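Hi,

Here is the structure for you to look over. My notes on ring pairs and charged pairs follow below.

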Amino acid sequence: MNTRMTQLCASQRQRSRGVSLIEALLALVVMSMGMLAVVGVQATLRSNGDLSRQRAEAVRLAEEGIETWRTFTSVTAVAGQVDYTDIVSDGPDIVTPPLANAEYVRTRMVQADAPNGSPPLRTLAVTVQWTDRAGAPQQVQLFSSVARIAPAIADSLSVPPQGTPARQPLGRNKAIPRAAVSGVGNTSEFAPPATAGLPATKLIFNNASALVTCIQEAGVPGCVPDYVGQLVTGYVHVPDAGRAYTLRVDYASGGTNPNAEPAAGPPRAAAWTRSEQCFVAAPVAFGTDLVAEYYCVVRVNASDPKPWGGQLVFGPLAVLAADALDKDAAKLRACRYPGVPADYARITAPLIQQSFKLVSAADGGCPVGMAQHQP
């Protein structure tokens, strides 16, 4: 019996030879197929990531093409500058950004101003094309529009936000002029427009408060002594450039009258102890009007700034109507836009968007919705 059992065991061992090898081979085949699948997924992920990078670069190039159009400085042709008339179709142009893994072709298309547009608009379309690693053609398109509005007065069309944003553009108070450049420390420097009768000047602003902490006149070292000022700025619409005018601010500030308020109406109250001329830029075309930007700086006590009160005054009297009944076509009448007061009182912060319109006295009054400022 023992012999029989031994023979059966030996026969079974012979039939079992090679089973482990087959199982190992099958396991290797299954693993190989899994690894091939993983390699395919990695190849797909790499291809998709590469295409995403190329697409992001193409979007950047398209946005750059549109923003280049938006940098125009005038609505009329000006030699040596980018103006509204330069917004025309161009391309295709080959663009190869640094470290890019593709060559891009950018085409910019502009649709002419729509008839009877208010304001006139130019429709923009930018197409960026390229070929990916697989040889497939790819493209992105962006669309936008640019209005025929003078950049100098673009800010007058915006509505200021409620409250103070936590983070101001360029880290500056919104009242600081856009053309100001960074100064020493937490300051900005701005050169107001050249104005007849006034020396070339540079204003130094505190970035947080927009307080004018220093005024520097050309050829004069240092700051004007004891100088701290609040800015008042806006626009003046004029019917033509043939009649010269001036703008000044009469005001009282500090001393025994910290909350100075002017008496209503002419003649000027004795409380107005100071008068400063404003810097007025040359007017630029805007529709049927000419528009000039102005900057006034109201001086306050440097050691202890107090609120101020006063009024913006146009002159000289020779170019202004004598009274409401004066309809001399050679004279002007000053009108205030809505929201601009006749008299300022208890002012402690910069004033922006304080805009006026000068009209011919022959018109008899101010446009609908505007208040008469002078006479």
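**Aromatic pairs**

Tyr-245, Phe-314 and Phe-356 are joined into a cluster by ring pairs. Please keep in mind that this is a predicted model, where local features need pLDDT of at least 70, side-chain atom pairs count only at pLDDT 80 or more, and totals for chains, interfaces and linings use all residues. Numbering runs from 1 along each chain as its sequence is written, and side-chain values use heavy atoms, with hydrogens and water left out.

Rings of Phe, Tyr and Trp (its six-membered ring) pair if their centres lie within 6.5 Å; planes under 30 degrees apart are stacked, over 60 edge-to-face, and the rest tilted. The count by this rule is six aromatic pairs. One of them is Phe-190 with Tyr-295: the ring centres are 4.8 Å apart and the planes at 55°, so the pair is tilted. Phe-190 sits in strand 6 (residues 187-190) and Tyr-295 in strand 14 (residues 289-300), so the pair ties together parts 105 residues apart in sequence. Strands here (E, at least two residues) and helices (H or I, at least four) are DSSP runs, numbered from the N terminus. Both Phe-190 and Tyr-295 are buried. Buried means under 20% relative accessible area, exposed over 50%, and partly exposed in between (1.4 Å probe, protein chains only).

Tyr-245 and Phe-314 also form a tilted pair, at 6.2 Å centre to centre and 45° between the planes. Tyr-245 is in the loop between strand 9 (228-238) and strand 10 (246-253), while Phe-314 is in strand 15 (residues 308-315), 69 residues apart. Phe-314 is buried, at 2% relative accessibility.

**Salt bridges**

The rule is a side-chain nitrogen of Lys or Arg within 4 Å of a carboxyl oxygen of Asp or Glu. That gives eight salt bridges.

- Glu-57 and Arg-60 meet at 2.6 Å, N to O. They are three residues apart in helix 2 (residues 19-70), separated by about one helical turn. Arg-60 is partly exposed at 36%.
- Glu-57, Arg-60, Glu-64 and Arg-106 are linked in a network of salt bridges.
- Asp-250 and Arg-248 meet at 3.0 Å, N to O. Asp-250 is buried at 6%; Arg-248 is partly exposed at 31%.
- Arg-299 bridges to Glu-276, with the closest N and O atoms 2.6 Å apart. Arg-299 lies in strand 14 and Glu-276 in strand 11 (residues 274-277), so the pair ties together parts 23 residues apart in sequence. Arg-299 is partly exposed at 25%, and Glu-276 is buried at 16%.

Best wishes
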